[in-house]
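Here is a briefing on one protein model and its ligand. Please look over the sequence and structure before reading on.

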Amino acid sequence: MCGIVGYVGSEQSSKILYEGLRRLEYRGYDSAGVAVMNDGGLNIVRAVGNLAHLGKALETEDVSGNIGIGHTRWATHGKPSEANAHPHQDCTGNLAIVHNGIIENFAELREELSGRGHDFHSETDTEVIAHLIEEQMTNGCDSLPSAVREASKSLDGTYAIAAVCTDDPDHIVAARRDSPLVIGVGETGNFLASGIPAFLAHTREVINIENGDVVILSADSITILDENDNSITRESETVDWDVAAAEKGGYDDFMLKEIFEQPEAFRNTIRGRFKDDHVTLDELKLTDQQVADISKIYIVACGTSYHAGMVGKYAIEKWARIPVELDVASEFRYRDPVIDENTLVIAISQSGETADTLAGVVQAREQGAKVLAVVNVVGSLLTREADILILTHAGPEIGVAATKTFTCQLAAMYLVGLYLATARGTLSSGERRSIISELERMPEMIQETLEDHSMITEATEKYFELPDFLYLGRGVGFPVALESALKMKEISYIHAEGYAAGEMKHGPIALIEDGTPVITVANNSLVQDKVLSNVQESIARGASIVIVGTRGDKTTMGQADDFFPVPECDEILSPVLTTIPLQLFSYHVAKRRGCNVDQPRNLAKSVTVE
Ligand code: F6R
């Protein structure tokens with residue numbers, strides 16, 4: 001986690017750094033800081049708390065200068081405090097660095113460095129890097145880049161580092177291993193960041209930095225040294241995200257904006273994918289024989305992406321008749337699953353940086369599996385580890401709670417399911433056409449669902465002060481119940497349990513008392529009657545019933561205290577729609593409780609630690 005930004009050019013850097021950090025704040029927000037170089041000196045400003053505190057501090061400090069680095073932190077080593085905030089310095093005070101990642105051997109390094117006389121001022125793992133670079137600079141390295149290179153050789157773990165040093169006043173030097181870092185090629189100078197939104201207001205031209213690269217940025221040059229210190233050229237690419245997409249665009253919060261972006265995001269993810277009765281997935285470079293040989297699929301993911309994987313499992317098994325196992329990535333990586341060359345592993349990750357998912361993928365490949373990754377962030381680590389990449393085109397998601405990326409992951413899983421079903425001949429042309437036409441109609445149906453939500457704000461008033469919510473669903477309604485409970489707890493801090501409706505009587509029913517809200521996914525489906533029986537069992541015990549159901553379904557409506565309607569659609573595709581009122585419900589409940597929905601406590605947008 002954590003966000004890094006750097007700028008060198010003709011503009012004042014502090015403003016650019018601050019704006020960049022603002023767009024990266026979703027990566028961590030317990031403290032922030034900048035280091036700006038000017039007249040042979042370094043000016044460092046740091047503040048605890050979200051970025052607004054740094055903004056205030058910057059108003060009172062003189063931080064003029066055209067070259068600088070900045071950081072927004074999500075604490076791993078050491079509590080959120082000014083001393084632990086980045087940038088960190090060496091003993092001389094000439095060097096400042098920012099870091100994203102975890103240095104696993106920092107305790108040993110710190111002990112060694114202390115033994116050699118270095119003074120430490122923070123509890124962070126990062127500070128050891130500053131002192132290691134300092135040692136290299138004093139012990140023979142003739143330049144900052146070579147000192148960064150040499151110092152990085154001592155580091156175990158993951159890092160993206162950016163450094164500035166008064167001995168080298170015109171350059172920012174950066175390096176990375178398994179933590180994201182990209183270069184932005186601008187007109188007024190060059191940028192560095194751990195996420196593209198940081199510099200999107202200035203440039204869309206991006207160069208990916210690879211593991212092992214050392215990068216030297218000046219106002220008008222970019223030098224990249226590969227791991228053998230050869231100067232190399234890496235092609236830039238132009239991203240199609242626009243600045244507005246990374247801003248709130250008139251909404252109160254990113255989360256709400258992103259919920260309302262779902263019609264467009266879904267449309268972008270399926271765009272160009274259908275030809276008559278089949279799906280074109282040119283990325284899926286498997287021969288017919290390889291598809292025929294797939295004996296098992298593992299879907300590996302965390303959190304919301306895991307819930308998308310669960311819907312994917314139902315779709316693939318139903319349509320393509322391939323057995324699918326679903327694993328939480330943190331379990332998959334350590335449980336020694338049975339994998340061979342006929343196994344397809346599908347890794348789903350919005351950020352493409354989730355440590356557990358990445359580790360699972362690396363392991364599966366080592367054991368001979370083919371890996372297909374469904375990812376939203378272009379150039380992220382997972383996109384480089386996968387054999388096959390399917391990008392969701394949700395655009396940047398800034399709100400920490402995943403919303404539009406979830407529905408786009410569903411879209412991607414439907415594409416994969418249909419592709420496999422076509423290749424294995426398990427769905428007729430007519431069946432495929434019918435699913436495709438529903439998918440094509442989906443953006444309009446999402447729009448319809450979003451437009452009709454006054455009943456959700458009304459329901460919010462009844463429920464927002466209650467301490468416990470139970471979410472129920474069956475079939476593909478089950479992952480929706482899990483996802484909706486997750487959304488409720490992460491942004492409103494209300495305890496919420498998601499359950500398979502049929503499991504309720506095996507335990508959770510004991511939780512129900514007068515007025516307990518039971519939120520049920522009960523749209524038209526093969527299992528609807530069964531779900532409604534569970535609703536009756538809840539009513540008998542005094543529950544208040546909220547149902548997400550099919551518009552116009554009077555029987556179901558009659559059983560609900562509050563009814564959130566969605567358009568009628570194919571059962572397997574219905575999670576795209578049934579999720580949406582419950583995203584809005586969580587959003588309104590959280591807002592009513594005064595929570596910061598974009599930056600819920602203790603969370604971060606990309607989870608790069610185990
Ligand atoms: C919940 C949420 C998290 C993520 C999880 C995996 O709203 O966003 O549960 O889904 O941390 O993240 P990715 O998809 O980036 O691998």
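Of the 14 residues around the ligand, which come nearest? They are Ser305, Ser349, Ser351, Thr354 and Glu490; a residue is near a molecule if one of its heavy atoms lies within 4 Å of it. This is a predicted model: local features need pLDDT of at least 70, side-chain atom pairs count only at pLDDT 80 or more, and totals for chains, interfaces and linings use all residues. Residues are numbered from 1 along each chain as its sequence is written, and side-chain values use heavy atoms, with hydrogens and water left out.

- Ser305 places a polar side-chain atom 2.5 Å from an oxygen atom of the ligand.
- Gln350 uses its backbone: an N or O atom there lies 2.7 Å from a ligand oxygen.
- Lys487 has a side-chain N or O atom 2.8 Å from an oxygen atom of the ligand.
- On its own, the ligand has 400 Å² of accessible area, and the protein covers 89% of it (Shrake-Rupley method, 1.4 Å probe).

**Ligand shell**
- Helix 9 (303-320) and helix 16 (477-492) each supply at least two shell residues; helices (H or I, at least four residues) and strands (E, at least two) are DSSP runs, numbered from the N terminus.
- Helix 9 gives the largest share, three residues.
- By class, the shell has five nonpolar, seven polar and two charged residues. Ala, Val, Leu, Ile, Met, Phe, Trp, Tyr, Cys and Pro count as nonpolar, Asp, Glu, Lys and Arg as charged, and the others, Gly among them, as polar.

**Cavities**
- Four cavities of 30 Å³ or more are present. A cavity is a set of points, on a 1 Å grid over the protein atoms alone, where a 1.4 Å probe fits but cannot get out; its volume is the space filled by probe spheres set on the points.
- The second largest cavity holds about 100 Å³.
- Its lining comprises 16 residues, with Cys2, Trp74, Thr76, Gly101 and Asp125 nearest the centre; lining residues have an atom within 4 Å of a point.
- That lining divides into five nonpolar, nine polar and two charged residues.

**Salt bridges**
- The structure holds 25 salt bridges (a side-chain nitrogen of Lys or Arg within 4 Å of a carboxyl oxygen of Asp or Glu).
- One of them joins Glu261 and Lys404, at 2.7 Å from N to O.
- This pair links distant parts of the chain, 143 residues apart: Glu261 is in the loop between helix 6 (254-260) and helix 7 (262-270), Lys404 in helix 13 (residues 404-423).

**Backbone details**
- The His86 to Pro87 peptide bond is cis, with omega near 0 degrees.
- Pro87 sits in the loop between strand 4 (67-73) and strand 5 (88-89).
- Asp229, a residue other than glycine, has a positive phi, near 65 degrees.
- Asp229 lies in the loop between strand 13 (222-225) and strand 14 (231-232).

Terms used:
Polar contact = N/O pair within 3.5 Å; in protein donor to acceptor, adjacent residues only side chain to side chain. 1 Å grid on protein atoms, 1.4 Å probe; cavity = no way out; pocket = protein on both sides within 12 Å on 5 of 7 lines; lining within 4 Å.
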